[in-house]
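Trainee: Can you take me through this model before I set anything up on it?

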Amino acid sequence: MHDVAKTTTSGPGLRERKKQATRRAIAEAAVRLAAEHGVENVTVEAISEAAGVSPRTFFNYFPSHDDAFVLVDDEVGERVRESVRRAPADRPPLEVVRDALVAELDGFEGRQEFWALQSKVLQRSPHLIHRGLKAHVAEERALSAAITDWLDATRPGAEGPSDAGTFPRLLAAVTQTALRVAIEHWCAHPGKTALSDVFQDVFAQLAQGLPRPSA
């Protein structure tokens, strides 16, 4: 396993942390109610009551009823992208993105039960899978743009944007897939392994060019 130094970025202020907590509370209430009653039987009013907010507050955080079930943490995504943009020029690109994600792993560890429950809810509601896919594609494109920014800023003798071809998009897609695989494996084996260990193993396999497993 590789030792990875965390990338330091300025954390969110109190107001922003409260907003994040409210958004997560609404999403958790939505998922838990859906797991018990089915998505189609859960109303905005029921979600709001369970989360301790008003329906008006619900719509301040989520555009529609269905969006609450496919929460994508925008704040985490932006911190990852900012870490990528600030990375040193001499780092291998795969390590740059990996390290940006590693800096967020502490916040992921406590989400295992929620993510496992959310996965079950999505599997029962195919229309939500499509909505979630759109959200993740948007995240992937945003990460690709951050990778492009880093490549342009760290290119020797850079004068204006370069043409990196498919590289930024491919790296972003591979990274998002690796993260999803790591989280799904971790959720499927509760209490058996730490997410950080699974994550590091997944990226080690990528760095080695995905050799055939020895066992």
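Mentor: Helices here are DSSP runs of H or I with at least four residues, numbered from the N terminus. The model is predicted, so local features need pLDDT of at least 70 and side-chain atom pairs pLDDT 80 or more, while totals for chains, interfaces and linings use all residues. Residues are numbered from 1 along each chain as its sequence is written, and side-chain values use heavy atoms, without hydrogens or water.

Trainee: Cavities first. How many of 30 Å³ or more turn up?

Mentor: One, in a search of the whole structure. A cavity is a set of points on a 1 Å grid over the protein atoms alone where a 1.4 Å probe fits but cannot get out, and its lining residues have an atom within 4 Å of a point. The largest cavity holds about 30 Å³, taken as the space filled by probe spheres set on points joined across faces, edges and corners.

Trainee: What lines the largest cavity?

Mentor: Q20, R23, R24, L71, D73 and E75. Helix α1 (residues 14-37) gives the most to that lining, with three residues.

Trainee: Moving on. Which residues have the most contacts inside the largest nonpolar core?

Mentor: I47, F69, V84, I147 and F199, in a core of 53 residues. Such a core joins buried Ala, Val, Leu, Ile, Met, Phe, Trp, Tyr and Cys through side-chain atoms within 4.5 Å; buried means under 20% relative accessible area with a 1.4 Å probe, protein chains only. The largest share of this core, eight residues, comes from α9.

Trainee: And what does I147 touch, beyond its neighbours within four places in sequence?

Mentor: V84, V97, P168, L171 and A172 are in contact with I147, contact being heavy atoms within 4.5 Å.

Trainee: Why is helix α5 called largely enclosed?

Mentor: Because seven of the ten residues of α5 (residues 93-102) are buried. R98 and D99 are among them.

Trainee: How many aromatic pairs are there?

Mentor: Four. Rings of Phe, Tyr and Trp (its six-membered ring) pair if their centres lie within 6.5 Å; planes under 30 degrees apart are stacked, over 60 edge-to-face, the rest tilted. W115 and W186 are edge-to-face, 6.2 Å centre to centre with 75 degrees between the planes. W115 sits in α7 (residues 112-124) and W186 in α9 (residues 167-188), 71 residues apart.

Trainee: Is W186 buried or exposed?

Mentor: Buried, because its relative accessibility is 2%. W115 is also buried, at 18%.

Trainee: What about F199 and F203?

Mentor: Their ring centres are 4.7 Å apart and the planes at 35 degrees, so the pair is tilted. They lie four residues apart in α10 (residues 195-207), so about one helical turn separates them. F199 is buried at 0% and F203 at 2%.

Methods: Helices (H or I, at least four residues) and strands (E, at least two) are DSSP runs, numbered from the N terminus. Buried means under 20% relative accessible area, exposed over 50%, partly exposed in between (1.4 Å probe, protein chains only). On a 1 Å grid over the protein atoms alone, a cavity is a set of points where a 1.4 Å probe fits but cannot get out, and a pocket is an open set with protein on both sides within 12 Å along at least five of seven lines; lining residues have an atom within 4 Å of a point.
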